[in-house]
Amino acid sequence: MQRYFTLYWIPLFPLTTLGEYVECELCAQGYDPKILQYNPNEGLQTFFSQVDIAAKRLMAAMVLADGQIDDSELQAMVEVSAKLPGGVMTLEEASAAVERAANESASPLEVVKDVKDGLNDQGKQLLLYVACEIAGADGDIADDEKMLLLAIGEALDLDVTEQVANLGT
């Protein structure tokens, strides 16, 4: 876009350059030229990666919640990870994730809060499902696991009080 010197509404010569823009052929809306470098898949991949990290941290936290690391819980992490965007974990990766979670000072709920705004109800239910599957993998859902499930539900803005109360009954 340029400003022109006009004489009787006739542009004669350019005075200054005002800026550049790209105009959409469909809606005639003007956009910054940087829009031409936009890759919508980049943001989507980053978001899926964040959801995958949150789910794996939740699973590791659930393994640690009752104070006992059970092989059936680690195996459940492997099986449940197949339903996540990041793909299947190995048993070694599951064990390493639990070890990292045991040494982290940050709560996995903080990670959940970071991704929850980008999730629909189905995505929130997926994270809760992941945690529930690990909690019940050893055949017993301890009170500490139920408390963590309630906290996860709260972090996701889901009311899971009744469902958690009925777990293991």
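**Close-up views of a predicted model**

At 19% relative accessibility, Arg57 counts as buried, the term covering residues under 20% relative accessible area, with exposed meaning over 50% and partly exposed in between (1.4 Å probe, protein chains only). The model is predicted: local features need pLDDT of at least 70, side-chain atom pairs count only at pLDDT 80 or more, and totals for chains, interfaces and linings use all residues. Residues are numbered from 1 along each chain as its sequence is written, and side-chain values use heavy atoms, leaving out hydrogens and water.

**View 1. Arg57 and Glu104 form a salt bridge.** The closest N and O atoms are 2.8 Å apart. A salt bridge here is a side-chain nitrogen of Lys or Arg within 4 Å of a carboxyl oxygen of Asp or Glu. Arg57 lies in helix α1 and Glu104 in the loop between α3 (91–103) and α4 (108–116), so the pair ties together parts that are 47 residues apart in sequence. Helices (H or I, at least four residues) and strands (E, at least two) are DSSP runs, numbered from the N terminus. Glu104 is partly exposed, at 36% relative accessibility. By this rule the count of salt bridges comes to 3.

View 2. Asp157 lies in the loop between α6 and α7 (161–165), and Lys116 in helix α4, so the pair ties together parts that are 41 residues apart in sequence. Asp157 is exposed, with a relative accessible area of 52%. Lys116 is buried, at 15%.

**View 3. Helix α6 spans residues 143–155.** Its 13 residues reach 18 Å from first C-alpha to last, close to the 18 Å expected at 1.5 Å a residue. That expected span is 1.5 Å times one less than the number of residues. The buried residues of α6 include Leu148, Leu149 and Ile152. Asp157, which follows α6, has a positive phi near 60°.

**View 4. Strands β1 (residues 2–7) and β2 (residues 10–17) run antiparallel.** They are joined by 6 bridges; strands pair if DSSP finds at least two bridges between them. Arg3 stands opposite Thr16 in β2. The hairpin has 2 residues between the strands, and Tyr8 takes a positive phi near 55°.
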